[in-house]
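Biologist: I am new to this structure and would like to learn how to read its features. Please take me through them in turn.

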Amino acid sequence: KSIVSQNIMQKGTNMDDNGKLTEIKDVQEHLQLGRNRVYQLIKIDSFPKIKIGNTYRIPKREYLEWVQNNIGKTVFL
């Protein structure tokens, strides 16, 4: 498993199941960001998300790949 996946499981989040969708609160916990910051991330075109009605779901596998691809980069919000 990647370093990102290992860190996620160590923090106790429910992000280890790569085939499913996750919620904003899981991304908040994983990235240690507030709700508003996560919604700013969602506005970035390259950030993986699915909008269902008025809610967003994040595909876990694509999210983990996005995080891995952005390590060492600055994400401007």
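**Reading the model**

Modeller: Start with Thr55, which is partly exposed because its relative accessible area is 36%. Buried means under 20% relative accessible area, exposed over 50%, and partly exposed in between, with a 1.4 Å probe and protein chains only. Thr55 has its place in strand β3. Its C-alpha atom is separated by 9.0 Å from that of Ile24, 31 residues apart along the chain.

Biologist: What should I know about the source and the numbering?

Modeller: This is a predicted model, in which local features need pLDDT of at least 70 and side-chain atom pairs count only at pLDDT 80 or more, while totals for chains, interfaces and linings use all residues. Residues are numbered from 1 along each chain as its sequence is written, and side-chain values use heavy atoms, with hydrogens and water left out.

Biologist: Which residues of helix α2 are buried?

Modeller: Helices (H or I, at least four residues) and strands (E, at least two) are DSSP runs, numbered from the N terminus. In α2, residues 24–31, the buried ones are Ile24, Asp26, Val27 and His30. They sit on the same side of α2 because they cover an arc of only 160° around the axis; the arc is that of the directions from the helix axis to the C-beta atoms. Just after α2, Gln32 has a positive phi of about 55°.

Biologist: How many aromatic pairs does the structure hold?

Modeller: A pair of aromatic rings is described by the distance of the centres and the angle of the planes. Rings of Phe, Tyr and Trp (its six-membered ring) pair if their centres lie within 6.5 Å; planes under 30 degrees apart count as stacked, over 60 as edge-to-face and the rest as tilted. The structure holds 3 such pairs. The ring centres of Tyr39 and Tyr56 are 6.2 Å apart with planes at 70°, so this pair is edge-to-face. Tyr39 lies in helix α3 (residues 35–42) and Tyr56 in strand β3 (residues 55–59), so the pair ties together parts 17 residues apart in sequence.

Biologist: Where do Phe47 and Trp66 lie?

Modeller: Phe47 is in the loop between α3 and β2 (50–52), and Trp66 is in helix α4 (residues 60–69), 19 residues apart. Both Phe47 and Trp66 are buried. Ring pairs link Phe47, Tyr63 and Trp66 into a cluster.
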